[in-house]
Amino acid sequence: MNPHMGVRILLGVASIIMIGAVAAGLRVLGTPGHQRALQLDQRRVSELGRVSLGIHMYWTQHKSLPLDLGDVGVSTTDSRDPVTGTPYIYNRGDADTYSLCATFDEASSQWSGRNMRSYYIPNASDWKHPAGKYCFRFVAENMGTPVQ
């Protein structure tokens, strides 16, 4: 047997193992684009959470809902989609209910503990959403937690 033949076989086996490891990693974690979409959705939820807390604080002080998000005092970056720059939608309901809407890239069922590392999302299970436009409903006194 040629000594170079053994090296070639070893390199071939190592290459196959590496390709398999990369494929397994992509299967478990998804593509980089998928991971980016998940992180952007987590950012949207985190920002909506801050907006809803601002609305709760406004309601606590004034015993009424704000007319628009400008009255709440949240930063412009927290009240706009991080990709499109489109403002999140705020809809006043009756005396103490409202909704906040955003457009999501992925369904929240795609989230897991391993990829929720960069944004604080309290009660993440309350923030479930499908892909696409979705509105969370709130009661002002509930301290920024969506109602199901």
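In which helix do E47 and R43 lie, and how many residues apart are they? Select both: they lie in helix α2, four residues apart, about one turn of the helix, where helices (H or I, at least four residues) and strands (E, at least two) are DSSP runs numbered from the N terminus. This is a predicted model, in which local features need pLDDT of at least 70 and side-chain atom pairs count only at pLDDT 80 or more, while totals for chains, interfaces and linings use all residues. Residues are numbered from 1 along each chain as its sequence is written, and side-chain values use heavy atoms, with hydrogens and water left out.

E47 and R43 form a salt bridge (a side-chain nitrogen of Lys or Arg within 4 Å of a carboxyl oxygen of Asp or Glu), and their closest N and O atoms are 2.9 Å apart. E47 is buried at 2% relative accessibility, whereas R43, at 28%, is partly exposed; buried means under 20% relative accessible area, exposed over 50%, and partly exposed in between, with a 1.4 Å probe and protein chains only.

Next, select D41 and R44, a salt bridge whose closest N and O atoms are 2.7 Å apart. These two residues are three apart in helix α2 (residues 32-62), so about one helical turn separates them, and both are buried.

D81 is buried, as is R44.

Finally, select D41, R44, D81 and D105 together, which are linked in a network of salt bridges.
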